[in-house]
Amino acid sequence: MTEDPGYETIRYEADHGTRVATVTLDRPKRLNAFNKRMCHEVADAWHRIKHDAEINAVVLRAAGDRAFSAGLDVQERYEQPDDVWNHEDPGELLSPKWQKLWKPVVCAVQGICTGGAFYFVNEADIVICSQDATFFDSHVTYGMVSAIEPIGLMRRIGLGDTLRMALRGNDERVGAETALRIGLVTEIVPAGDLWARADEIARSIAEKPAAATQGTVRAIWESLDKPYRAAVEQGLTYTRLGNPIGMSQVDRDQVAKPDVVIR
């Protein structure tokens, strides 16, 4: 197990035995709200994972019991350059996909998840949550346009539920059961089991050849920006690139056979 002691707002661990890296948002006193330092540290972690050939999957989680993340820390001004055309979107730094990281990310959400926290959730590959998780978008409640987060969220849960969350602000609190129903998360677990379950899922993915899992992640996410036929053609290219590598790393006789159910 290796850990980078240089980060101040996140914790980073890389377990080369299981091939899983863990990124923990670590500002629990600020409800894990992100400031500029956290944005740049998260981006650095994504690049660290991207270039570590011994890591095949990632767990993204948050310290403390109250919140996964309260979004942007409004008490710390996010300094932008004077030139408006050089302003940066914090989401680009927080997003593994913007940073061209195609290793699968499992996101574990507990407590409050609001506003800019959707930067993390929207581009994770698998999202699970604890029974106490609550999702909402507070922008319009405070007179702000809700734009970037719901655009990403709409790809995960659809137009109707996205508009409802974006327009009702703090009045629309989506609990764990509703989040599961609308597809925001894929599993609910007891709070005490959340981190262990996320790690279990990531480990099962990390056991597969990285050429296969990374190609799968990239093909699916990039398809969202393309017409159907163009996405299929690009996906076919990725299978031709990744399959020979991934298949050569699998002992087919050792692969567990799925249970066959005949009804």
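Helices are runs of at least four residues assigned H or I by DSSP, and they are numbered from the N terminus. In this predicted model, helix α5, which covers residues 159–168, gives the most to a nonpolar surface patch, contributing three residues. The patch has an area of about 390 Å² and is made by Met154, Leu159, Leu163 and Leu167. Leu163, which is found in helix α5, counts as partly exposed because its relative accessibility is 42%, a value that falls between the limits of 20% for buried and 50% for exposed.

A pair of aromatic rings is described by the distance of the centres and the angle of the planes. The count comes to three aromatic pairs, and one of them joins Phe34 and Phe120 in an edge-to-face arrangement, with 6.4 Å from centre to centre and 80° between the planes. Phe34 lies in the loop between β3 (20–25) and α1 (36–50), whereas Phe120 belongs to helix α3 (residues 118–122), so this pair ties together parts that are 86 residues apart in sequence. Both Phe34 and Phe120 are buried.

Phe120 also pairs with Phe68, and this pair is edge-to-face because the planes stand at 85°, with the ring centres 6.0 Å apart. Since Phe68 lies in strand β5 (residues 67–69) and Phe120 in helix α3, the pair ties together parts that are 52 residues apart in sequence. Phe68, like Phe120, is buried. Ring pairs link Phe34, Phe68, Tyr119 and Phe120 into a cluster.

Rings also meet charged side chains. The charged end of Arg48 sits over the ring of Tyr12, 5.7 Å from its centre, while Arg61 lies over the face of Trp195, at 3.6 Å from the ring centre.

Methods
Residues numbered from 1 in each chain as written. Predicted model: local features only at pLDDT ≥ 70, side-chain atom pairs only at ≥ 80, totals over all residues. Heavy atoms only, no water. Patch = residues over 30% accessible without salt bridge, like charges linked within 9 Å, V, L, I, M, F, W, Y side chains within 5 Å. Areas by Shrake-Rupley, 256 points an atom, 1.4 Å probe, with all protein chains shown as cover. Salt bridge = Lys/Arg side-chain N within 4 Å of Asp/Glu carboxyl O. Helix = DSSP H or I, 4+ residues; strand = E, 2+ residues; numbered from the N terminus. Buried < 20%, exposed > 50% of the residue type's maximum accessible area, 1.4 Å probe, protein only. Phe/Tyr/Trp six-rings, centres within 6.5 Å; stacked < 30°, edge-to-face > 60°. Lys NZ or Arg CZ within 6 Å of the ring centre and 35° of its normal.
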